[in-house]
Amino acid sequence: MEVRGATPTRNLALELARVTEAAAMLAGRYMGRGDKEGADQAAVNAMRLVLSTVDMNGVIVIGEGEKDKAPMLFNGEKVGNGSEPDVDVAVDPIDGTRPLAFGRSNSLAMVALAPRGTMFDPGPFLYMNKLAVGPEAKGKIDIEKPIVENLRAIAKAKGKQIEDLTTIILDRPRHDDMVAEIRKAGARIRQIPDGDVAAALMTSWSDSGVDVLLGIGGTPEGVITACALRAMGGEIQGKLYARDESELRRGREAGYDFDKVLTMHDLVSSEDVFFATTGITDGELLKGVRYYGNHITTDTLVVRGLTGTIRRITATHSTDKLDNLSSVHY
């Protein structure tokens, strides 16, 4: 795919860390308070503020809300300070609003960048079937094959038996048949209530103990995951999923192919990607935000596709200095 505009050759990953840190610090105040909307708004406000300072001419491809519901970060909104490079932007101010609202684990703030025109735009079609693995099994999977065949291929690539594999899948009724297939194959299963981006990243995180993500989740989250796994050496495949015949018909009329396998290249066609995520609540990947009166600590993962560099950043933020400099209160 031809890349339009300037290619982002600068390392913007650390700039993105500032974006997700700010979102996590504001949203983290809402942990356990049962206010999903308030938490999401706080994260959006912080993310928008810091995004405006980043040296880029960004357009949001994967966003929050619609234009008539601003101040959400809506699809098509321009972000950055207007300078080069020209980039597509994917944001998820809170991946896991429900876990955050009820004080549970694995809530994250995340953002990804890629050269303009290289991110897949799912439009209004919110769900896709996904299959994601880490570096060892990259190139060995095929979402169109039966689950047991994929499990055999993954086990062989990792030097394991199927019984040694740990699969991870969202705990949803739509996955009952899939869970039955995994059980019949003999693999171990972790069913999670929310957060399949974190789950997919765990397949490329050696200490997580997770080998493969399966199941139907968000299409926007699938694009963000592809950006991260590009840099982490993993792989994700997907197929758009229609929830009913009406959605299938509308999608086909709009030119979307629900039978096509969406590869990594389809989801993000450039290696020059950046991804950052900061823990809001504690999880397997990252620690949550900690508050200490006059300072806050955050735990962030940042990756760069071109170099494959993965950084984990533990930061301490002075609330006194931030409040003197920022229009939002930390």
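## Asp88 in strand 3

Strands here are DSSP runs of E at least two residues long, numbered from the N terminus. Asp88 belongs to one of them, strand 3, which spans residues 86-95. The model is a predicted one.

Asp88 counts as buried because its relative accessibility is 4%, and the cut-off for buried is under 20%. In sequence, Asp88 and Gly58 are separated by 30 residues, yet their C-alpha atoms are 5.7 Å apart.

## Surroundings of Asp88

Leaving aside residues up to four places away in sequence, Asp88 touches Val59 and Val61 on the one hand, and Ala112, Leu113, Ala114, Pro115, Arg116, Gly117, Thr118 and Met119 on the other.

Two of these residues also meet the Asp88 side chain through their backbone nitrogens. For Gly117, the backbone nitrogen is 2.9 Å from a polar atom of that side chain. For Thr118, the distance from the backbone nitrogen to the side chain of Asp88 is 3.1 Å.

## Strand 4 and its partners

Strand 4 covers residues 108-115, and eight of its eight residues are buried. Strand 3 and strand 4 run antiparallel and are joined by seven bridges.

## Helix 8

Which residues of helix 8 are buried? In this helix, formed by residues 245-253, they include Glu247, Leu248 and Gly251. These residues lie on the same side of helix 8, because the arc they cover around the axis is only 100 degrees. Glu245 and Glu253, by contrast, are exposed and sit on the other side of helix 8.

Both ends of the helix have a local feature to note. At the start of helix 8, the backbone nitrogen of Ser246 has a side-chain oxygen of Asp244 within 3.2 Å. Just after helix 8 comes Gly255, whose phi is positive, at about 95 degrees.

## Summary

Asp88 is a buried residue of strand 3, and its side chain reaches the backbone nitrogen of Thr118 as well as lying 2.9 Å from that of Gly117.

Note on methods. Residues numbered from 1 in each chain as written. Predicted model: local features only at pLDDT ≥ 70, side-chain atom pairs only at ≥ 80, totals over all residues. Heavy atoms only, no water. Helix = DSSP H or I, 4+ residues; strand = E, 2+ residues; numbered from the N terminus. Buried < 20%, exposed > 50% of the residue type's maximum accessible area, 1.4 Å probe, protein only. Contact = heavy atoms within 4.5 Å. Polar contact = N/O pair within 3.5 Å; in protein donor to acceptor, adjacent residues only side chain to side chain. Arc of directions from axis to C-beta. Pairing = 2+ DSSP bridges.
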